[in-house]
Amino acid sequence: MHIVVVGGGLAGAKAVDELREQGYDGDITLIAAEHHTPYERPPLSKGILLGDAGPDAPFVHEAHWYADHGVELLTGTPASALDVAGRRVEVGDRTITWDKLLLATGSQPTRLAMVDESGVDLTYLRRLEDSLALKERLGGDLLVIGAGWIGLEVASAARKAGGSVTVVDTAELPLLGVLGPEVARSFADLHREHDVDLRLDSGLDSISRDGDRITARLAGGHEVHPDLVVVGIGARPDTGLAEAAGLDTDDGVLVDATLRTSAPDVWAAGDVANHDHPSLGRVRVEHWDNAQEQGKHAARVMLGDDAPYDRQPFFYTDQYDLGMEYVGHVGRDGYDEVVVRGDLSGDRVFTALWVKDDRVAAGMHANDWDATETIRALVGRAADDRVRDPDVPLADLV
């Protein structure tokens, strides 16, 4: 049997790793569009930018691992066409046949045409090269468009490097759609305390370049003159290959609870997978933990395991002296209340639980590293009076 994995990110790498761990000794081909061996992306906006990690930190395995484990690794060779009926995939001038296929093509940054067409110095943060190049310019004047995870982590790294940072976002608070106003306000205060110029409930009206001078006019007429523009306004699933092959897609490749696509013997995992989660419904998650765990789960299912993927989403961030871990998913319908234990300002050691329909939909901690597993155990459980009482210690709830 020949298993082919399309995608050289974390999901693809963990899938082939798990195939060998589970004892599969058949043929494996891993197709990677980038010239690098597979790597994970959190260090690109965290350790590398902060100077805490070198350029080798993101790689899942040393280069020789793939040959040592009988994995044919094709780098710098994006798959150009997929024939699900004929079980063929085109890669460069090769046609590779497969018995089972995993799509782990990930996502691409959402582009901002106004900036792309302006001729200014700009970057998106997706590839290793993007991170290494950005690190060299963090000490200058930066305009960051987007107050999401990437934008705020870039701002944090730039301030550590002594750079001047303006962050602009159309939302009233950073991370508002994820955290809600109660907790999002804490992140706004954190960045302002570190002298980031947060321009919220705003937007970019125009941007131009005159020689070496960049002029960015924000809503309301405020002007900034950055050396570099960093665009971090989200990502879109890389579904082009799947769509052309006729797979069912809608904000990602549609997969069932076990990560199967609409085509026989084809699975999808990671950023590109729009998953029918057993308890959350349709959800597409763009975080490290999801790529890692879905890649491993897809490998097991390809080998005969029929269990659904039911792990709750997990993500984390490091900004200045704040470290945060979040478990769960609030969803489009929002939440009814959030219960906070601890200090949202001050030393910012706190936990938060988001409650929807009398159940804990999600929880997070900031700088409270003993709380993660307790929060994981609470997500999905009924929210009784003790859960709602911030005076009850979190550890006493499980």
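Which residue in S2 is the bridge partner of Val5? The partner of Val5 in S2 is Leu30. The model described here is predicted: local features need pLDDT of at least 70, side-chain atom pairs count only at pLDDT 80 or more, and totals for chains, interfaces and linings use all residues. Residues are numbered from 1 along each chain as its sequence is written, and side-chain values use heavy atoms, with hydrogens and water left out. Helices (H or I, at least four residues) and strands (E, at least two) are DSSP runs, numbered from the N terminus.

Two strands are said to pair if DSSP finds at least two bridges between them. The order of the strands is S3-S2-S1-S7-S19, and the pairing is parallel. Strand S3 (71–74) and S19 are the edge strands, each pairing on one side only. From one strand to the next, the twist averages 15°. Axes are lines fitted to C-alpha atoms, for helices over the stretch in contact, and angles run from 0 to 180 degrees between N-to-C directions. S1 and S2 run parallel and are joined by five bridges. Strand S2 (residues 27–31) also pairs with S3 in the parallel sense, over four bridges.

Helix H1 (residues 10–21) touches strand S1 (2–6), S2, S3 and strand S7 (100–103), and its direction makes about 170° with that of S2. H10 touches S1, S7 and S19, and its direction makes about 165° with that of S7.

S1 is mostly covered, as five of its five residues are buried. In a regular strand the side chains alternate between the two faces of the sheet. In S1 both faces are covered, with His2, Val4 and Val6 buried on one side and Ile3 and Val5 buried on the other.

A further open sheet has three strands in the order S18-S20-S21, with mixed pairing. Its edge strands are S18 and strand S21 (281–283), each of which pairs on one side only. Neighbouring strands are turned against each other by 25° on average, direction ignored. S18 and S20 pair in the parallel sense over three bridges, and Leu254 has Asn274 in S20 as its bridge partner.

On a 1 Å grid over the protein atoms alone, a cavity is a set of points where a 1.4 Å probe fits but cannot get out, and lining residues have an atom within 4 Å of a point. Grid points are joined across faces, edges and corners, and a volume is the space filled by probe spheres set on the points. One cavity of 30 Å³ or more is present. The largest cavity holds about 50 Å³ of space. Its lining includes Gly270, His275, Arg284, Gln294 and Tyr309. Strand S20 (273–277) and H10 are the elements that give two or more residues to this lining, and S20 gives the most, with three residues. By class, the lining of the largest cavity has five nonpolar, five polar and two charged residues. Here Ala, Val, Leu, Ile, Met, Phe, Trp, Tyr, Cys and Pro count as nonpolar, Asp, Glu, Lys and Arg as charged, and the others, Gly among them, as polar.

Several single residues were examined in turn. Gln312 lies in the loop between helix H10 (288–302) and strand S22 (314–319). Gln312 counts as buried because its relative accessibility is 17%. Leaving aside neighbours within four places in sequence, Gln312 is in contact with several residues, among them His277, Asp289, His329 and Arg376.

Leu259, in the loop between strand S18 (253–255) and strand S19 (266–268), is buried, with a relative accessible area of 0%. Leu259 has a positive phi of about 80° although it is not a glycine. Asn367, also not a glycine, has a positive phi of about 60°; its place is in the loop between strand S26 (359–366) and helix H11 (372–378).

Thr372 lies in helix H11 and is buried, with a relative accessible area of 11%. Not counting residues up to four places away in sequence, Thr372 touches Phe314, Glu325 and His365. Thr372 and Glu325 are 47 residues apart along the chain, and their C-alpha atoms are separated by 7.0 Å.

Notes: Buried means under 20% relative accessible area, exposed over 50%, partly exposed in between (1.4 Å probe, protein chains only). Contact means heavy atoms within 4.5 Å. On a 1 Å grid over the protein atoms alone, a cavity is a set of points where a 1.4 Å probe fits but cannot get out, and a pocket is an open set with protein on both sides within 12 Å along at least five of seven lines; lining residues have an atom within 4 Å of a point.
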